[in-house]
Amino acid sequence: MTHAIEIEDLRKTYRSKSGTPVLALDGVSFQVPQGRIYGLLGPNGAGKSTLVKIISTITPASSGRAAVRGFDVARQPLEARRQMAVVLQQAAAENLLTVRDNLLIYAYLHGMARSIAEKRMKAVAEEFELGGRLRDTVQELSIGTKRRIQVAKIFMLDAPIIILDEATTGMDPLMKRRVMDRLRAEARKGRTILLTTQVLSEAEELCETIMLINRGRTMASGTLLELRKRTAHTFRVSLSFAQTNGELIGRLEALKPLELQVNGSAAELLFHGEEASLLGKLADISRDTPILQFEVRGPTLEEIFVSLMRDSP
């Protein structure tokens, strides 16, 4: 079965202003099955936006292959574009047009009939709280509202693949939650979603598969559980005591956690090392100050990301 997105040994080299070659992507490969939510994570300059631009036919690759639903983006760009609805990190709304015209023209350009476009525009405007703004010119609006327009545009279409590059930047938490809920619903219908984000909690909650990228190279990829196995010696410990005091906090600090947070009678610690060794030391503490509750958890996506970034060359 053809994957929704197939990337094979993709490389991209730019020329800097001084003429020096800059390697933006260095042999990136991955596949996205149909109906999955796939996240690309990495710091600024990691190559995420370059990768999205290549997939969406905006920028040509220097070498390698990218295909969307079996259509090669270099050899069959028109067919590939028809498979996608894309929101890029740069503004994707026309500033001199009204909100209404932005939504409708986007649909018209993708071949949608006027009657269907009008009906869908009203539904999308209501969902993204743009109904009172339809006659406003986009350049008059806030950054957060512009982002809502950008995201609303992709739901004007029925394209099988949605590509979002930092799409929720600038949105308020309630609207961001609404977008995430809508993306989950679209994935359940069989649409494939590729998104880039620096909001790690968002990716952890939304993405089924995640690829971490840095300096144009893949650092790791897989489900959250698979990524946790890459950092098996990083774990978080939650402790609850009847009460805490300076002496107890000092003993916890002596365990040399990466992080220590004490809130009332509870303590949260992050460690990198052998779990068995730590458990023996906690047993010693509990003899003097009983531990009422104890829990060990794997690392969060943010902690995995920081660990892999720290270990990357």
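Let me start with a term: buried means under 20% relative accessible area, exposed means over 50%, and partly exposed lies in between, with a 1.4 Å probe and protein chains only. By that scale Asp9, at 35% relative accessibility, counts as partly exposed.

This is a predicted model, so local features need pLDDT of at least 70, side-chain atom pairs count only at pLDDT 80 or more, and totals for chains, interfaces and linings use all residues. Residues are numbered from 1 along each chain as its sequence is written, and side-chain values use heavy atoms, with hydrogens and water left out.

Back to Asp9. It is found in strand β1, residues 5–15; strands here are DSSP runs of E, at least two residues, and helices are runs of H or I, at least four, numbered from the N terminus. Asp9 is not a glycine, yet its phi is positive, about 50°.

Arg69 also has a positive phi, near 50°, and is not a glycine either. Arg69 sits in the loop between β4 (63–68) and β5 (71–72). With a relative accessible area of 36%, Arg69 is partly exposed.

Next, Leu195. Its place is in strand β8, residues 192–197. Is Leu195 buried or exposed? Buried, at 3% relative accessibility. Tyr38 is 157 residues away in sequence, but the two C-alphas are 6.4 Å apart. Contact means heavy atoms within 4.5 Å. Leaving aside neighbours within four places in sequence, Leu195 is in contact with Ile37, Tyr38, Gly39, Leu40, Leu164, Leu206 and Cys207.

Now helix α4, residues 114–127. Its 14 residues reach 20 Å from first C-alpha to last, close to the 20 Å expected at 1.5 Å a residue. That expected span is 1.5 Å times one less than the number of residues. Which residues of α4 are buried? Ala117, Met121, Val124 and Ala125. The face turned away carries exposed Ser115, Lys119, Lys122 and Glu126. Just after α4, Glu129 takes a positive phi of about 55°.

Last, a helix contact. Leu248, Arg251 and Leu252 in α9 meet Asp284, Ile285 and Asp288 in α10. By class, that contact has three nonpolar, no polar and three charged residues. Nonpolar covers Ala, Val, Leu, Ile, Met, Phe, Trp, Tyr, Cys and Pro; charged covers Asp, Glu, Lys and Arg; the others, Gly among them, are polar.
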